[in-house]
Amino acid sequence: MRIISTPPAPTGLTRTLFRLPIQLYRWRLGWLLGKRFVLVQHRGRNSGLRRRVVLEVIDIDPQTTAIIVASGYGARSHWYRNLRCEPEATIQLGNRRTRARTSFPSTAEGGLIMARYASRYPRTAKRLCRFMGFAVDGSTDDFTQVGENIRFVRLTPQN
């Protein structure tokens, strides 16, 4: 694994395209995105206003139904920083909405999470790594190292 560079946060048209899935959830069409994406509603750390972001689901724990997502822009992502300050959120997977509590896996656990993801979705994992600024050869060790450098968030439903 080689670190190339962290991508700049999207602006302009790219930002608009990244935010389009939020509209699907507003129109109650979140089910179209299946279980690969989750809408996370959280509070802004400075404004206190409700914020929304749609994230790719990296893993779902079958025992606790906790959803794991990754911050592609690292610790500087606003949604990530907001959840660090206020760990309560509302998540929506498909049409199912529930309250969730956030936690932050350790770097070692992050390596395991990324290795599992890469074993299920090898091509997507390579593209995701390239997007986040990592050059990988596709080995499990490479994905484990990448996972140790990515910020993951666990969203555990509060039934």
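**Strands, a helix and a pocket**

Strand 5 and strand 6 (residues 96-103) run antiparallel to each other and are joined by 6 bridges, where strands (E, at least two residues) and helices (H or I, at least four) are DSSP runs numbered from the N terminus, and two strands pair if DSSP finds at least two bridges between them. The model is a predicted one, in which local features need pLDDT of at least 70 and side-chain atom pairs count only at pLDDT 80 or more, while totals for chains, interfaces and linings use all residues. Residues are numbered from 1 along each chain as its sequence is written, and side-chain values use heavy atoms, with hydrogens and water left out.

Between strand 5 and strand 6 lie 2 residues, so that the two strands form a hairpin, and G94 in its turn has a positive phi of about 65°. Within this pairing, L93 is found opposite R96 of strand 6. Strand 5 (residues 88-93) is largely enclosed by the rest of the structure because 5 of its 6 residues are buried, a word that here means under 20% relative accessible area, with exposed meaning over 50% and partly exposed in between (1.4 Å probe, protein chains only).

Strand 6 also contains T102, which counts as buried because its relative accessibility is 8%. Apart from residues up to four places away in sequence, T102 touches L83, P87, V153, R154 and L155, contact being defined as heavy atoms within 4.5 Å.

Strand 5 is also joined to strand 2, in the antiparallel sense, by 3 bridges, and one of the residues involved is Q41, whose bridge partner in strand 5 is T90. Q41 lies in strand 2, and strand 2 is mostly covered, with 5 of its 7 residues buried. Strand 2 pairs with strand 3 as well, again antiparallel, over 7 bridges, and there Q41 stands opposite R52. With 9% relative accessibility, Q41 counts as buried; when its neighbours within four places in sequence are left aside, its contacts are R50, R51, R52, A89, T90 and R97. The hairpin that strand 2 makes with strand 3 has 6 residues between the strands, and in it G48 takes a positive phi near 80°.

Helix 3 (residues 107-120) has 14 residues and reaches 20 Å from its first C-alpha to its last, close to the 20 Å expected at 1.5 Å a residue, the expected span being 1.5 Å times one less than the number of residues. Its buried residues include G110, G111, I113, M114, A115, Y117 and A118, and what covers the buried residues of helix 3 includes strand 3, strand 4, helix 4, helix 5 (140-147) and strand 8 (151-157).

The largest pocket holds about 1,200 Å³ of space. Of the 36 residues in its lining, F18, V53, L55, Y73 and W79 are the closest to its centre. On a 1 Å grid over the protein atoms alone, where a 1.4 Å probe fits, a pocket is an open set of points with protein on both sides within 12 Å along at least five of seven lines, and lining residues have an atom within 4 Å of a point. Strand 3 gives the most to this lining, with 8 residues, and among the other elements that supply at least two residues each are helix 1 (12-26), strand 4 (67-71) and helix 2 (78-85).

Conventions: Grid points are joined across faces, edges and corners, and a volume is the space filled by probe spheres set on the points.
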